Amino acid sequence: MNFILDYYNYWIVVFLMMAGFYIVISANNLVKKIVGLNIFQTSVFMLYISMGKVSGGTAPILVEGVTQYSNPLPHVLILTAIVVGVATTAVGLSLIVRIKRAYGTVEENEFENKDDAI
Amino acid sequence: MVEQHLSVLPILLPLLAAPIAIIIGRSYLSWMVATIASAGAFIFSWQLLLAALSEGVISYAVGGWPPPWGIELRVDAANAFVLLAVSSVSTLVLLYARDSIQKEIDQSQHALFYTAHLLCLAGLSGILLTGDAFNLFVFLEISSLATYTLVSLASDRRCLTAAFRYLVMGTIGATFILIGVGMLYMKTGTLNMLDLAERIHVYDSSRTINTGLAFIMVGVSIKLALFPLHAWLPPAYTHAPSAVTAFLASTATKVAVYVMIRFIFTIFGAEHVFHEMGMDIILMVLAIVAIFKCSYMATVQSNVKTVLAYSSVAQIGYMVLGISLVSVTGLMAGMIHIFNHALMKGALFMAVGAVFYRVGSVDIKAFNGLGRQMPLTMAAFTLAGLSIIGVPLTVGFISKWYLVTAALEQDQWVLAGLVLLGSLLAVVYIGRILEAAYFQKLPDNVDASKIKEVPLLMLIPMWILVLANIYFGIETSITTEAAGSAAEWLFQHTRLPEVAQ
Amino acid sequence: MNVWAGIEPNQLISLSILVPFIGALLVVATGKIPNLREAVTLTTSVILFSIVLAITDYTFEGRGLSLDVIELFPGLGIHFVVEPLGVLFALVASFLWIITSIYAIGYMRGHHEENQTRFFCCFALAISSVMAICFSGNLLTLFIFYEVLTLSTYPLVTHAGTDAAKQGGRIYLGILLSTSIAFLLFAVLGTWSIAGTLDFRAGGIFDANANKAVLATLLVLFCYGIGKAAIMPFHRWLPAAMVAPTPVSALLHAVAVVKAGVFSILKVVIYIFGIDGLKELATTDIMLYIGAATILLSSCIAMTKDNLKARLAYSTVSQLSYIVVGALLASSVAAAGAALHIATHAVGKITLFFCAGAIMVASHKKNISDMVGLGRQMPLTMAAFAIGAISIIGLPPMAGTWSKWFLTIGALESDKLIIVAVLMISSLLNIAYLLPIPIKAFFATAKPHQEPWSWSQTKEAPLACLIAIGVTSFGCLALFFYPQPLVELINLIPGVSTSSNGEA
Amino acid sequence: MAEIIDLVLLAMLALTALRVIFLKDLFAVVMLFGIYSFLSALIFVNLDAVDVAFTEAAVGAGISTVLMLGTLALTGRKEKPSKHSSFLPLVVVFVTGAALIYGTLDMPPFGHPDNPVHEHVAPRYIEESPKEVGLPNMVTSVLASYRGFDTLGETVVVFSAAVGVIALLGVRRKEEGETPESGLKEHHVLRVVAKLLIPLVILFALYVQFHGDFGPGGGFQAGVIAAAAFILYALVYGLPHSFAVIGPRFLQILAPIGVLLYAGVGLFSMYKGGQFLDYNMLAEDPIAGQHYGIIIIELGVGITVFAVMLSIFYAFASQAERSNVQ
Amino acid sequence: MLLLDIISSILLIAGVFFGLSGAIGLFKFPDFFTRVHAASVTDSIAAILIIGGLLLQTSFDLNTAKLLFILLFLMITSPTASHALAKSARHGGLLTLAENKVKKQEHTSHG
């Protein structure tokens with residue numbers, strides 16, 4: 001029981017990651033791929049944030065009388081990572097728009113057989 | 001002043017030049033800015049290499065915060081050496097790009113091209129110089145985003161799908177690295193590479209650390225296009241603008257190889273990775289398969305850029321093979337090949353770009369009869385091709401020599417034989433192109449007067465690289481010393497498995 | 001006669017390599033004016049020969065010349081050393097280059113060949129790399145210039161530019177490059193990792209306790225890696241290269257390429273393994289018998305060929321294996337025979353090729369069946385052909401006699417009677433496929449009734465060709481009556497001697 | 001208590017993710033994604049990561065969703081049923097998941113205060129940063145000072161994203177534009193309310209920008225919020241009008257200026273004789289120096305993020321308008 | 001103090017109730033307009049009640065001000081949002097239940 005209490009968080013996060021990862025590699029529609037990518041990354045962020053949590057701690061903002069703070073470092077890392085994520089998303093989406101204009105479709109299997117393979 | 005900040009300047013110069021280039025917005029001026037910045041980065045990285053060779057290691061605490069609390073830039077022979085290759089190729093490519101992109105990229109986007117190129121350079125330099133695992137991820141993303149942009153700048157619509165595939169694969173890889181780093185951080189509580197290296201060995205047998213290692217390895221393997229994970233590379237290199245391909249093929253994957261070396265030797269320790277995890281076997285097998293499978297693929301392609309792209313994957317196989325031998329000589333062979341392959345592939349892709357500039361196609365048929373029409377370009381292509389094959393007096397021979405010697409050191413006779421057999425396939429795919437160029441007649445529908453040599457600004461960088469191919473193939477002391485001391489440095493500062501001692 | 005006395009002896013080596021190289025550049029420079037270009041070629045070749053003569057003098061004086069050029073790897077670099085065997089080869093090559101270029105001038109003009117400048121340029125380049133091979137002081141140098149030779153002769157093979165030429169060139173380059181990279185380089189690296197050095201040393205470089213099995217493997221790798229020696233099954237490139245113009249065939253099959261191959265094998269045997277070391281290796285005999293098989297098989301194939309050049313090519317294959325066999329017999333006398341055979345076969349075979357070329361220029365005949373009665377048309381050529389043939393067969397009073405003689409003695413000495421038998425049989429086969437050509441040409445009659453022969457009907461090749469043919473066929477005779485200089489030279493080779501009881 | 005909330009939220013996340021997998025209607029998928037990232041923002045709050053939650057809400061639930069919707073407007077909202085089997089992906093995912101689960105088994109237990117993460121580097125941030133950097137918000141001080149180089153990299157990432165989007169989509173210049181018929185003319189209520197809100201939103205953005213040192217917030221969030229204000233304006237009054245207020249070309253200047261501002265601080269500290277980005281050098285009193293440095297670089301981040309987000313939106317919006325016009 | 005707590009909890013519970021009912025309505029109601037109606041219940045009255053409850057929890061400091069601001073914003077935005085939704089639906093040609101009925105009858109009477 002204690003074991004589960006210690007790890008349930010990580011496990012669910014892993015499940016979320018894999019859900020996102022599955023969408024990325026299985027989806028045929030490019031937009032959905034990007035959505036999956038975002039879910040994947042957001043779940044990884046959750047992994048980081050969960051490791052920064054100190055039970056009984058508060059947000060790492062100095063307040064009188066509070067001694068137990070959660071770890072600020074993962075928060076910083078994830079702030080950066082979120083930005084990176086949105087940057088990638090933006091570029092990916094604009095690629096999709098261009099692909100739509102060039103091929104008339106955003107379904108992978110459809111535009112793949114419009115050109116020779118490479 | 002300069003000496004003090006030597007290790008941050010190669011990152012800073014392109015990083016500052018990129019915004020300036022886009023503010024200027026004019027094609028010519030932004031080209032000037034980009035070239036000057038890149039040249040400066042080259043000079044600094046040269047001094048940096050000398051400094052690293054003399055001092056061993058240079059540590060630079062960004063923000064004045066001592067590691068592990070602040071971010072540290074940590075320069076030793078290994079990354080200074082790779083950085084030199086990257087910045088030099090970047091400078092040459094920028095010289096070359098001036099004319100090359102006129103034909104391939106819309107005038108209005110030239111400034112964007114140079115900006116993206118500078119960002120990519122800055123990102124790669126950052127990856128090389130940083131001593132912080134997470135900072136590495138950030139710079140990895142900078143270079144990747146810039147790369148996706150560069151690839152998608154081409155006029156052919158297929159570059160879009162190629163770029164998208166690259167984006168998805170690359171992001172997955174980066175996320176895997178992120179997961180891995182997170183696991184290391186979780187166990188050790190630090191992100192500084194050196195600190196990690198010290199604290200990680202407490203948990204060598206920990207399942208978390210091993211999983212982290214696995215995820216980092218997979219992520220990096222995607223970035224360096226190790227065999228089963230190379231699917232993104234051929235289309236990306238084929239459809240990107242020639243200048244971009246020349247730059248990426250000779251730098252991006254190399255930097256990824258460096259990252260792999262850094263993680264294996266500095267952070268995890270060769271002893272753990274190879275001896276306990278048995279990664280050397282996996283890497284070796286994958287490398288061998290890569291060499292043969294992809295060299296074979298290269299022999300059956302009709303698009304010359306694709307041929308060279310597959311050959312790049314195969315060559316990466318050689319580098320990884322060098323790493324997987326777990327010996328100073330093997331690692332040295334890998335490092336030397338990082339440098340030499342940059343020279344070869346840079347020259348080859350530049351030549352192909354020159355052909356595209358004149359003929360407007362890079363199909364192997366387009367090369368027919370070019371031996372007469374563009375003698376200098378094809379001569380450059382020939383020499384660089386011989387270098388890929390590994391003919392004596394070229395750098396390719398040097399790399400192969402050290403690789404095989406490293407294999408024989410450990411009585412891996414079969415392996416040595418396989419390496420040499422692999423280079424026979426190079427004879428085939430380079431030979432096909434040369435034959436087309438020198439023995440086929442120019443097709444009748446094109447008029448010979450139009451197909452002439454490319455502008456000087458394209459020829460000069462090409463030939464600088466080609467001559468470098470020959471110079472470093474004869475005067476090997478420089479590369480050998482640098483790579484050798486890099487390899488020794490890495491080995492002194494890692495815990496070794498018995499085999500290497 | 002030493003005009004080069006002024007020059008620091010060691011520099012003669014670099015001169016001998018640079019002179020033809022510079023010659024090549026001059027040829028390109030003077031390409032527009034054919035006469036000047038040919039003059040350049042001839043003078044260069046003469047200068048080169050004189051240099052080699054000077055080097056020979058030093059060798060007889062017992063002065064070892066050596067030259068370090070550059071260090072490619074720690075303790076290993078491009079390094080030249082003059083030793084008797086190399087000098088022998090250098091003499092043959094540089095002398096025959098003069099003759100070949102005289103001949104080539106006549107041939108190329110008589111045959112109205114395309115882009116002759118490229119031809120002469122590559123020719124000179126090939127000679128320059130041959131010189132480098134002759135004086136190479138370690139395996140690495142040998143290997144490097146072996147490759148350079150391959151690449152520089154490739155344009156010569158594909159000179160015609162026809163599809164056939166391309167096909168031939170592809171086979172030529174394919175086999176030579178592949179074998180050299182896959183086997184030779186491998187063997188070189190293996191040697192490097194075992195012995196720790198690649199220098200040619202008298203008596204070999206492997207110490208006694210080196211793993212014999214590995215050495216045996218290395219020997220096989222060397223024998224096949226040196227594809228230019230055309231041991232079966234890697235002999236295909238030689239007939240394939242027959243598409244080249246005749247002077248090239250002469251150069252390839254008599255002077256430069258093939259001889260470079262067997263020369264390398266001799267070098268490896270004498271200076272890497274050492275003749276005594278060879279005895280202990282299991283694979284020596286295997287390779288020996290493969291060589292013997294090559295001799296017989298290729299002779300048989302030669303008999304089936306009607307195209308003259310093809311027949312000569314296969315005869316070359318078999319003759320090369322003589323040298324390989326001589327080297328692998330692991331006896332000093334046989335080695336001497338092998339070395340001598342380099343020279344004698346050179347003069348003999350080049351004569352034959354010159355004749356073949358002359359016939360092609362003069363009467364545009366390729367096939368032997370058409371040459372019946374040709375003697376009436378070109379008596380001098382056919383006479384020369386007969387001389388060359390006899391020399392190849394090894395009958396007195398021709399040069400070939402000596403080399404075969406020593407080979408046979410060597411075979412007897414290391415009592416390998418099978419090899420003796422092989423040598424005898426192959427001589428008979430040689431008679432069977434070479435002699436009929438001149439005989440038919442002179443005595444068989446093409447037409448049933450014909451007017452008596454007179455000079456009026458002769459239609460000989462260009463004068464330049466005839467001169468060349470004359471010189472070489474005279475050489476065949478001369479080397480029979482006066483082989484001493486060569487023999488002495490060979491006796492200088494450590495561990496090799498013509499006297500059967502071992503010591504020189 | 002916290003655990004239970006955590007658990008509930010995670011369960012909702014899992015359900016959302018599963019729905020996303022099986023839904024074919026991309027509009028719903030994107031909406032669910034918005035919900036997903038909003039839920040995760042809530043989780044972040046619950047795990048004391050207020051800054052992260054702020055950002056995630058602004059970016060994931062905000063910008064990303066808007067961009068995705070913009071893309072859908074151009075690419076259509078239905079996903080076609082795909083033929084190729086989902087077997088291989090399943091295998092890959094299961095292997096990866098198994099590896100991760102295996103990895104979790106040695107992870108330090110969730111939330112224990114004596115985990116190595118809390119033992120090694122972080123303590124200095126928690127204990128010293130108020131003295132060394134002088135900010136109550138440790139996240140900001142770590143972000144801007146200790147790991148300022150990361151944040152510079154982050155800013156550059158945003159900048160390069162803008163470069164990419166502009167290179168790919170370009171931005172239709174105003175002058176070539178047709179009569180401003182776009183926007184929501186007939187929605188008078190909306191127009192009035194928007195007029196009312198936009199100043200407040202911008203005000204809030206400034207608050208977040210400069211209050212970031214003391215509470216959650218900072219340049220990045222502020223930039224996004226400010227951009228949101230203009231996006232609202234563009235949506236309600238149409239692109240041409242917002243182009244008139246802030247033109248794309250201007251943004252293209254603004255974005256790099258933010259980066260230069262940030263890097264300039266570093267250069268200045270180098271000129272002052274310190275390391276790159278060493279704020280102690282900016283003033284005699286190191287604490288004051290830290291303050292100046294952090295405020296300026298946060299400003300740089302804010303400017304860049306604002307400019308980039310807005311120009312990305314412009315790029316997508318002008319695409320949409322183009323397709324509407326055609 | 002206790003009194004405040006009781007009141008605030010009552011407010012909160014009421015808010016939660018309305019929120020839930022709004023959500024249920026969102027699912028249960030037959031057509032678009034009715035659903036918008038249900039939703040707007042959630043973000044008007046429910047929001048007011050909950051924030052009111054929270055206000056009573058605070059000790060009348062900065063947080064109070066913030067909560068008031070939030071309330072103000074909600075009061076402005078959420079009705080606007082519902083309005084915009086409904087209006088654009090109308091523009092899109094969506095009909096209410098009643099109108100649909102009428103239409104049907106017309107069809108039947110005509111045909």
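A crossing of two helices is called left-handed if the near helix is turned anticlockwise from the far one by less than a right angle, and right-handed if clockwise.

Quick housekeeping. This is a predicted model, so local features need pLDDT of at least 70 and side-chain atom pairs count only at pLDDT 80 or more, while totals for chains, interfaces and linings use all residues. Residues are numbered from 1 along each chain as its sequence is written, chains are lettered from A and ligands numbered from 1 in the order in which they are written, and side-chain values use heavy atoms, with hydrogens and water left out.

Okay, chain C. Helices and strands here are DSSP runs (H or I, at least four residues, for helices; E, at least two, for strands), numbered from the N terminus. Helix α17(C), residues 400–413, packs against α18(C), residues 417–434, at an angle of about 155 degrees, with the axes 7 Å apart. Axes are lines fitted to C-alpha atoms, for helices over the stretch in contact, and angles run from 0 to 180 degrees between N-to-C directions. That angle makes the two helices roughly antiparallel; the cut-offs are under 35 degrees for roughly parallel, over 145 for roughly antiparallel, 65 to 115 for roughly perpendicular, and oblique for the rest. The crossing of α17(C) and α18(C) is left-handed. Residues making the contact include C:L407 and C:A411 from α17(C), and C:V420 and C:L423 from α18(C). Contact, by the way, means heavy atoms within 4.5 Å.

Now a pair across chains. Helix α1(A), residues 2–26, and α6(B), residues 158–188, pack at about 165 degrees with their axes 11 Å apart, so they too are roughly antiparallel. Their crossing is left-handed. On the α1(A) side, A:Y10 and A:F21 are among the contact residues, and on the α6(B) side, B:I172 and B:F176 are among them.

Chains C and D have no contact, and their closest C-alpha atoms lie 39 Å apart. Chains B and E don't touch either, with closest C-alpha atoms 34 Å apart.

A:H75 counts as buried because its relative accessibility is 1%; buried means under 20% relative accessible area, exposed over 50%, partly exposed in between, using a 1.4 Å probe and protein chains only. Leaving out residues up to four places away in sequence, A:H75 touches, among others, A:I49 and A:P60 in its own chain, plus D:L47, D:D48 and D:V139.

Over to chain B for another histidine. B:H110 sits in helix α4(B), residues 110–129, and is buried because its relative accessibility is 0%. Beyond neighbours within four places in sequence, B:H110 contacts B:S27, B:I101, B:Q102 and B:I105.

Last stop, the strands of chain B. Strands β1(B), residues 57–61, and β2(B), residues 72–76, pair antiparallel over 5 bridges; pairing needs at least two DSSP bridges between the strands. B:V57 stands opposite B:D76, and 4 of the 5 residues of β2(B) are buried.
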